[in-house]
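Let's take a friendly walk through the rings, charges and core of this protein. Please have the sequence and the 3D view open as you read.

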Amino acid sequence: MAAAEPVDVAHARLILVLGDQLSATNPALLGAVAGRDQIVMAEVSEEASYVPHNRHKLVLIFAAMRRFAMALREQGFTVHYFKYAEGIDSLSTAVARVVAAAEFAAVDVCEPGEYRVREALQVMPQTLGLPVHILPDTRFLCQLDEFADWASGRKQLRMEYFYRLMRQRYRLLVHSDGTPEGGHWNYDRENRKGWRAAEAVPERPVVPMDDITATVIAEVTAAFPENPGDLAQFCYATDAATAQQHLDWFCEHALARFGTWQDGLAEESPWMFHSIISMYLNIGLLDPLQVCQQVEAQWRAGECELAAAEGFIRQVLGWREYVRGIYWLHMPAYSSLNHFEARTPLPSWFWTGETDMRCLSRALKQSLELGYAHHIQRLMVIGNFALLAGLDVEEV
């Protein structure tokens with residue numbers, strides 16, 4: 001851990017950066033002054049083990065965190081970084097360690113993506129004896145109070161209507177008068193073709209294995225021997241520049257066929273023509289609006305059909321923002337909802353994929369090995385089986 005530097009106590013902030021907030025536009029970092037404000041980041045056991053995370057996820061986040069901390073240090077910031085092996089049990093413990101060694105006027109943090117983490121942050125002022133400012137996550141395109149206002153008084157919370165408003169607000173795929181390009185808001189019907197090995201799937205670029213990622217892979221393998229995830233196949237970017245290269249590759253080589261085959265199931269490719277950037281959006285390596293604008297630019301340049309661009313933008317601007325809004329609108333009760341009172345125990349083969357049901361087997365094995373499955377595998381295969389079999393919601 002870096003030694004604390006002399007700071008102006010009257011104004012010095014301690015900035016807590018969570019593992020899914022690795023963005024230069026993190027609101028807690030905006031206005032931060034190197035030499036005055038300090039930063040704390042931690043790979044804590046509570047976050048790493050509250051569920052049996054796939055090891056790809058753990059490696060992605062830990063390696064990306066370490067890279068982000070290195071970039072902040074290069075900007076002149078003091079970064080107090082706790083690695084997983086240091087045994088920090090919680091975010092509160094990490095922050096308390098730093099606060100005990102130096103004086104700060106307040107702790108600033110961007111609002112977390114999970115309710116349980118927000119609860120932990122809300123009790124920090126009492127344990128630390130310092131104000132803790134939880135700042136709105138402006139990296140999302142619809143703020144929580146805005147979503148609540150939209151939902152208020154509606155009989156049905158239809159994603160489609162929310163999505164149309166978001167398209168108009170951000171001027172994506174719309175005419176100057178706010179009407180949709182092509183005359184329709186949604187081209188989902190043009191994006192439902194079944195895959196029959198109809199064409200070659202393009203080879204994706206290989207991510208070079210650097211020292212940071214290699215070290216994290218070794219550490220995660222040792223610390224989480226029973227977790228799923230074949231790390232010999234790790235292929236994800238761990239910094240913003242490489243994540244952008246992945247997006248650029250998708251726009252050039254796969255976007256044009258994304259719409260056509262986005263619902264397809266294939267034996268020969270786990271990735272098909274999907275972008276594989278959701279994890280980069282979710283931890284802050286890519287900005288959602290910039291992603292949508294880049295895809296729109298591809299369509300305006302004639303590089304893809306409108307159905308492909310619209311189908312992609314709907315996932316980011318529509319579903320991603322909508323599901324986040326629904327989550328926070330209904331938490332904490334949302335986490336324990338079980339409308340059909342499904343109580344059937346999760347079959348043991350959900351952790352191996354060994355079942356004669358071919359589609360289910362492939363979707364499970366891919367999820368276990370790679371930490372990835374596209375929306376049809378998650379919803380229409382695994383999700384539908386879980387629903388029909390009445391599997392216990394929390395176990396799923």
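## Charges over rings

Arg-324 lies over the face of Phe-140, 4.0 Å from the ring centre. Likewise, the charged end of Arg-116 sits over the ring of Tyr-50, at 3.6 Å from its centre. Here a charge sits over a ring if NZ of Lys or CZ of Arg is within 6 Å of the ring centre and within 35 degrees of the ring normal.

A word on the source: this is a predicted model, in which local features need pLDDT of at least 70 and side-chain atom pairs count only at pLDDT 80 or more, while totals for chains, interfaces and linings use all residues. Residues are numbered from 1 along each chain as its sequence is written, and side-chain values use heavy atoms, with hydrogens and water left out.

## Aromatic pairs

Searching the whole structure turns up 19 aromatic pairs. Rings of Phe, Tyr and Trp (its six-membered ring) pair if their centres lie within 6.5 Å; planes under 30 degrees apart count as stacked, over 60 as edge-to-face and the rest as tilted. Tyr-236 and Trp-271 have ring centres 6.4 Å apart and planes at 85°, so this pair is edge-to-face. The two residues are 35 apart in the chain, with Tyr-236 in the loop between α8 (211-223) and α9 (240-253) and Trp-271 in the loop between α10 (255-261) and α11 (278-283). Helices (H or I, at least four residues) and strands (E, at least two) are DSSP runs, numbered from the N terminus.

Tyr-236 is buried, at 5% relative accessibility, and Trp-271 is buried too, at 15%. Buried means under 20% relative accessible area, exposed over 50%, and partly exposed in between (1.4 Å probe, protein chains only). Elsewhere, ring pairs join Phe-147, Trp-150, Phe-162, Trp-319 and Tyr-322 into a cluster.

## The nonpolar core

Tyr-236 turns up again in the largest nonpolar core, which has 82 residues. Tyr-236 is among those with the most contacts inside this core, as are Phe-250 and Phe-312. Such a core is a set of buried Ala, Val, Leu, Ile, Met, Phe, Trp, Tyr and Cys residues joined through side-chain atoms within 4.5 Å. Helix α2 (residues 55-74) gives the largest share of this core, eleven residues.

Leaving aside neighbours within four places in sequence, Phe-250 is in contact (heavy atoms within 4.5 Å) with Leu-255, Phe-258, Phe-273, His-274, Ser-275 and Phe-312.
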